[in-house]
Amino acid sequence: MSRDLRMREAQSAEGLAPGSAALLLPEPSDVGVETGGRPIRSQWRFVLRRFLRHRVALIAALFLIGFAVFAVVWPHVSSNGVNPPITRALSAHAREGPSWSHPFGTDQLGRDQFARVLDATKKSLVIGFGAAALSTLVGVIVGGLAGYYRGWIDALLMRFTDLLLVLPTLAVLLIIATNPNPSFFGLFDLPPATEVGGMILVLAVLGWMPMARIVRGEVLSLREREYVDAARAAGASGPRIILRHLLPNAIGVIIVFATLEVGLAILEEATLSFLGAGIQLPDVSLGNMITTAEDTVGTHLAYLIYFPGLVLFLLVLTVNFIGDGLRDALDPKSIR
Amino acid sequence: MVKFVARRVIASVVVLVLASMLVFVIVREFGADPARIRCQNSRAQHQCLESERKRLGLDKSLPAQYVDFMGDFFQGKWGTSQRTDRSVAASIKDDLGETAQLALWGIVFSGAIALAIGVYSASKPYSAGDYLFTGLAFAGIAMPTFWFGLLCIQFLSHGLQDVFGTDQPIFYSIPNPVGSGIENYFREFALPVLVLSVQLIASWSRYQRSAMLEALGSDYIRTARAKGLPRRTVIWKHGLRNSLSALLTVIALDAGALFGGLIITERIFSRPGMGTELLSAVLNGDTAVLLPWMLVVGAIIVGFNLVADLLYGVLDPRVRVA
């Protein structure tokens with residue numbers, strides 16, 4: 001149990017990391033037995049069917065897809081730009097509260113907040129999914145190797161993973177995100193965290209460890225199954241067994257944790273940008289929009305912080321709900 | 001027991017040494033280059049870089065730099081901040097006191113609320129109340145701390161002040177502007193503690209709930225109920241005692257991270273402390289602060305992890321053998 005507890009992302013008190021794993025604790029009553037008498041369907045049909053029955057997760061998924069589609073389509077439909085030239089006509093509409101023509105109001109310069117929030121949302125989603133994909137890739141490789149080969153490879157990789165988990169996440173993120181000329185040990189240059197690509201890299205550096213631990217645990221137990229023995233007896237190589245036999249069977253937990261990683265990455269990016277270490281103006285991010293509007297707190301212009309924050313909150317919430325729905329849908333023991 | 005403690009202490013020291021190396025590599029290789037920051041406005045970029053690197057000892061190999069730095073660190077030569085010319089050791093000492101206060105109140109408050117929610121949810125699983133708290137936990141975990149902090153200032157500081165029409169806000173949004181005394185202390189700490197607690201309560205209450213559910217499902221609970229003990233006694237005595245070690249361990253694990261993790265709360269409420277120290281250091285290119293800061297926070301985290309391990313061993317004798 002002690003190991004188990006340490007496994008969760010115990011760092012970052014303000015919850016850059018904790019949390020998400022807490023929602024995945026096993027519930028004793030989740031255990032059920034599949035009853036017979038149903039027609040045989042493929043695994044993914046089952047998963048889809050169970051996910052569609054999870055009403056909250058379904059609504060969350062529709063909401064997120066709607067959000068993403070809207071963020072992509074809106075700039076082509078609307079005449080309000082993200083950074084329009086500051087003209088007199090624009091300034092005439094400065095500091096207008098929410099209305100039909102400007103659903104999120106306008107800022108001190110008259111720029112439409114709705115267009116800006118949508119652009120920032122698009123960035124959040126790209127960074128969230130990008131960082132989660134990269135973290136998952138690294139985590140799966142590290143965890144797969146450690147779990148399959150065991151021995152000194154496992155010891156080395158997992159000690160390193162544990163070591164990274166000890167560090168205070170947000171502090172390390174701040175230190176590497178504020179480097180204006182990042183490079184990989186002086187060998188080649190990396191994009192700075194003020195760009196979307198650089199931000200994805202920074203978040204992935206500290207994002208892969210939980211995935212590595214999860215995949216390792218799963219592979220450790222799967223590798224003892226008979227079908228792995230059979231594959232080995234048939235002469236399959238280590239990498240082939242990992243790729244073709246072990247990982248496909250661990251895909252459930254991988255997907256669930258990758259989803260949670262998306263939410264975490266979105267939150268981390270917004271926090272870094274809010275603190276001044278990430279995306280910089282004139283590029284908008286949900287985080288730096290709130291920083292810019294921080295001095296409106298306590299005035300009637302405070303709506304400038306409500307909407308970016310609300311959208312950020314809803315994004316993370318929906319992603320986490322989807323993760324929860326996927327957990328139920330992918331768990332073969334679930335009877336739904 | 002002595003063997004158990006000794007083993008854990010030695011393991012912690014090893015982790016600390018390895019962590020210091022990792023931190024060193026991260027700060028030196030992936031953090032901003034101090035020489036480049038100093039040469040930002042220099043016209044002779046190349047010469048400036050070279051001489052600064054030499055002066056700061058950055059031209060040596062990484063292991064040599066590490067040995068140099070650790071030597072100075074253990075002799076108490078932590079350097080001075082390039083921005084304020086203050087000794088880094090002195091600033092960190094002051095900051096630790098500030099952050100410790102906030103962290104302590106946060107732990108006490110969050111721990112108490114999380115315990116109550118967890119016990120309630122587990123004793124009435126799948127009731128309306130349980131679903132409500134589950135929903136709130138989801139919301140708490142998805143809540144951006146910095147946004148929640150600004151909302152608190154908007155509504156609980158400015159908003160309440162407008163409602164009651166007082167001269168001073170009821171809850172301060174900055175460190176105590178007027179007077180001392182216990183009342184002002186409360187008005188100063190109420191909002192920061194609330195803000196830093198949201199995520200802690202959300203995650204701790206889920207741990208308490210699942211630990212409590214596990215405890216309530218075991219045979220000794222059924223025995224206790226069967227021999228006629230009232231439900232209340234069984235929950236609060238048998239159930240709680242057997243589930244508490246999990247929560248205490250989680251709290252001890254998170255407590256260390258709080259010392260380096262209050263960056264957002266301190267920033268929102270303009271408070272001095274470890275978080276503010278690090279944030280102003282990274283934003284102003286004050287690289288001298290980073291390494292000592294990371295080592296101190298790393299030591300605190302490893303220390304609390306050790307406490308968590310030992311605590312678990314004391315509370316659950318089965319762990320000691322393993």
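**Entry 1: H6 and H9 of chain A**

I looked up how H6(A) and H9(A) cross, and the crossing is left-handed. The model I am reading is predicted. H6 of chain A covers residues 151-166 and H9 of chain A covers residues 209-222. Their axes lie 9 Å apart, at an angle of about 140°. On the H6(A) side I listed A:Met158, A:Thr161, A:Leu164 and A:Leu165. On the H9(A) side I listed A:Met209, A:Ala212, A:Arg213 and A:Arg216. Sorted by class, the residues of this contact are five nonpolar, one polar and two charged.

**Entry 2: H5 and H11 of chain A**

Helix H5 of chain A (residues 113-149) packs against helix H11 of chain A (residues 238-275) with 7 Å between the axes. The angle here is about 145°, and the crossing of H5(A) and H11(A) is right-handed. From H5(A) I noted several contact residues, including A:Ser124, A:Gly128, A:Ala132, A:Val140 and A:Tyr148. Those that H11(A) brings include A:Gly238, A:Leu246, A:Ala258, A:Glu261 and A:Glu269.

**Entry 3: loops of chain A**

I checked the loop between H5 and H6 of chain A, where A:Arg150 sits. Its phi is positive, near 50°, although A:Arg150 is not a glycine.

I then went to the loop between H11 and H12 (286-292) of chain A, which holds A:Pro282. The peptide bond between A:Leu281 and A:Pro282 is cis, with omega about 10°.

**Entry 4: chain A as a whole**

I recorded 13 helices and two strands for chain A. Chain A has 336 residues, of which 45% are buried. Of the chain A contacts between residues at least 6 apart in sequence, 70% link residues at least 24 apart.

**Entry 5: chain B as a whole**

For chain B I recorded 14 helices and zero strands. Its C-alpha atoms fill a box of roughly 85 × 65 × 35 Å along the principal axes. Buried residues account for 43% of its 322 residues. Among chain B contacts between residues at least 6 apart in sequence, 70% join residues at least 24 apart.

**Entry 6: details in chain B**

I looked at H4 of chain B, residues 62-74. Its 13 residues reach 18 Å from the first C-alpha to the last, close to the expected 18 Å. B:Gly76 follows H4(B) and has a positive phi, near 85°.

I found B:Ser270 in the loop between H11 and H12 of chain B. Phi of B:Ser270 is also positive, near 45°, in a residue other than glycine. Why does B:Ser270 come out as exposed? It does so because B:Ser270 has 10 other C-beta atoms within 10 Å, and 12 or fewer count as exposed.

**Entry 7: where the chains meet**

Which residues make the contact between the chains? I counted 63 residues from chain B and 54 residues from chain A. Several helices of chain B supply at least two residues each to this side, among them H1 (2-30), H8 (182-216), H10 (231-261) and H13 (290-315). The side of chain B that touches chain A has 42 nonpolar, 13 polar and eight charged residues.

Notes: Residues are numbered from 1 along each chain as its sequence is written. Chains are lettered from A and ligands numbered from 1 in the order in which they are written. This is a predicted model: local features need pLDDT of at least 70, side-chain atom pairs count only at pLDDT 80 or more; totals for chains, interfaces and linings use all residues. Helices (H or I, at least four residues) and strands (E, at least two) are DSSP runs, numbered from the N terminus. A residue is buried if 20 or more other C-beta atoms lie within 10 Å of its own, exposed if 12 or fewer, and partly exposed in between; C-beta atoms are placed from the backbone. Two residues are in contact if their C-beta atoms, placed from the backbone, lie within 7 Å. Axes are lines fitted to C-alpha atoms, for helices over the stretch in contact, and angles run from 0 to 180 degrees between N-to-C directions. A crossing is left-handed if the near helix is turned anticlockwise from the far one by less than a right angle, and right-handed if clockwise. Ala, Val, Leu, Ile, Met, Phe, Trp, Tyr, Cys and Pro count as nonpolar, Asp, Glu, Lys and Arg as charged, and the others, Gly among them, as polar. The expected span of a helix is 1.5 Å times one less than its number of residues.
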